[in-house]
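Subject: Structure for you to look at, with notes

Dear colleague,

Please find below the structure that I promised to hand over. Could you open it beside this email and follow the notes as you read?

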Amino acid sequence: MEPPAEVVHWMFGVGFLFLGLCLLAEAIVGRDIWGRRSWRAYLWPSVVFLMGIFMWPVMVFYTSSAIHMLAHGAWAQTMMLAGMAQLGLVRGKLRNSLWELTLPLAFLVSGAAFLIHEPNPWLFSRAAFLHHALGWTGLVGGLICLGRAVRPHSPAFNAGFAFTIMAFAFLLFCDRNVAPIFGHLSPLAGGR
Amino acid sequence: MNAELVRQRAEARTRHSWRHTAVSALGPLTALAGLIWAIVQPYRITLFDPDRHGFWYLAIQPPLLVILAAAVFHFWVVPSLLADLEEAEERSR
């Protein structure tokens, strides 16, 4: 009794939405106030790590081709790596600030994986459009994260990071199994 | 003189900063977005027509999930964050 693929995307959308709300609140109040309670400091890195773990069953049960499977595996690994590194930095086990670069790495690898594993053009179907949109959002998000790693207290980079995550949530909520995009649906994808 | 000081401090406490207002508004605004989504696409609320849908489509209804995420954030994360923010702002005055 597996959930349909679009339902899985919506569940990840909720995770990204909650993550985005936490990051936006952190950007508004500042890292110092956000980190005053330890459970709060651990909250969003834990959510990222958990979403990385949940990506593995998605990879196993929902992928229909090798490149699709590799893309999901790349997301799972980079999300777990970024979440783990952030947990280590918050805990103080990791001291080198270069670990912050795992976050832009996750975005850049994820964005590239979206673009590489989508063989169809933007208006082929809604799924194709969303893959392209998510890919470019990931690449732009990676650059924002890179700025955030260099200037961790910049409100602009922190808010930009939060809005990138919210954009991911929005795009995931837009997903349907088979649906047109702006009136376009290729006959190869099930359109008439 | 003392009464004046008490009045000024009480005013300062009730006058919230923009950060306080912004953090307080995040959850309700997100929930409002979910509510508007439910009104614009009522067919997403599968509970209105439970006989036509299976378990997963009844359990996972995106507009309601958005409202749920907003509620969890507003009632779980925000109260302690506002308390810490007020404390920090009080100290910096």
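The notes below go through the chains, the helix pairs, the contact between the chains and a few single residues.

This is a predicted model, in which local features need pLDDT of at least 70 and side-chain atom pairs count only at pLDDT 80 or more, while totals for chains, interfaces and linings use all residues. Residues are numbered from 1 along each chain as its sequence is written, and chains are lettered from A and ligands numbered from 1 in the order in which they are written.

Chain A

Chain A has seven helices and zero strands, where helices (H or I, at least four residues) and strands (E, at least two) are DSSP runs numbered from the N terminus. Read from the N terminus, its pattern is therefore α-α-α-α-α-α-α. The radius of gyration, which is taken over C-alpha atoms, can be compared with a globule rule of 2.2 Å times the number of residues to the power 0.38. For the 192 residues of chain A, a compact globule would have a value near 16 Å, and the 17 Å of chain A agrees with this. Along the principal axes, the C-alpha atoms of chain A fill a box of roughly 55 × 30 × 25 Å.

Of the 192 residues in chain A, 40% count as buried; a residue is buried if 20 or more other C-beta atoms lie within 10 Å of its own, exposed if 12 or fewer, and partly exposed in between, with C-beta atoms placed from the backbone. Two residues are in contact if their C-beta atoms, placed in that way from the backbone, lie within 7 Å. Among the contacts in chain A between residues at least 6 apart in sequence, 70% join residues at least 24 apart.

Two packed helices are described by the angle between their axes and the distance between the axes. Axes are lines fitted to C-alpha atoms, for helices over the stretch in contact, and angles run from 0 to 180 degrees between N-to-C directions. Angles under 35 degrees count as roughly parallel, over 145 as roughly antiparallel, 65 to 115 as roughly perpendicular and the rest as oblique.

How do helices H1 and H3 of chain A lie to each other? The axes of H1 (residues 5-29) and H3 (residues 38-62) of chain A come within 10 Å and cross at roughly 170 degrees, so H1(A) and H3(A) are roughly antiparallel. Among the residues that make this contact are Phe12(A) and Leu19(A) of H1(A), together with Trp44(A) and Met51(A) of H3(A). By class, the contact of H1(A) with H3(A) has 14 nonpolar, one polar and no charged residues, where Ala, Val, Leu, Ile, Met, Phe, Trp, Tyr, Cys and Pro count as nonpolar, Asp, Glu, Lys and Arg as charged, and the others, Gly among them, as polar.

Helices H6 (residues 126-150) and H7 (residues 155-173) of chain A pack at an angle of about 165 degrees, with their axes 9 Å apart, and H6(A) and H7(A) are therefore also roughly antiparallel to each other. The residues that meet here include Leu130(A) and Ile144(A) in H6(A), and Phe161(A) and Phe168(A) in H7(A). The contact of H6(A) with H7(A) has 11 nonpolar, six polar and one charged residues.

Chain B and its contact with chain A

Chain B has four helices and zero strands, and buried residues make up 18% of its 93 residues. The contact between the chains takes 19 residues from chain B and 18 residues from chain A. On the side of chain B that touches chain A, the elements that give two or more residues are helix H2 (18-40) and helix H4 (62-92) of chain B, and H4(B) gives the most, with 12 residues. That side of chain B divides into 15 nonpolar, two polar and two charged residues.

Phe129(A) is in helix H6 of chain A, and it counts as buried because it has 23 C-beta neighbours inside 10 Å. Leaving aside neighbours within four places in sequence, Phe129(A) is in contact with Trp122(A), Leu123(A) and Ile181(A).

Is Phe182(A) buried or exposed? Phe182(A), which lies in the segment after H7 of chain A, is exposed, with 9 other C-beta atoms within 10 Å. Its phi is near 50 degrees, a positive value in a residue other than glycine.

Glu86(B) is in helix H4 of chain B and is partly exposed, with 15 other C-beta atoms within 10 Å.

With best wishes
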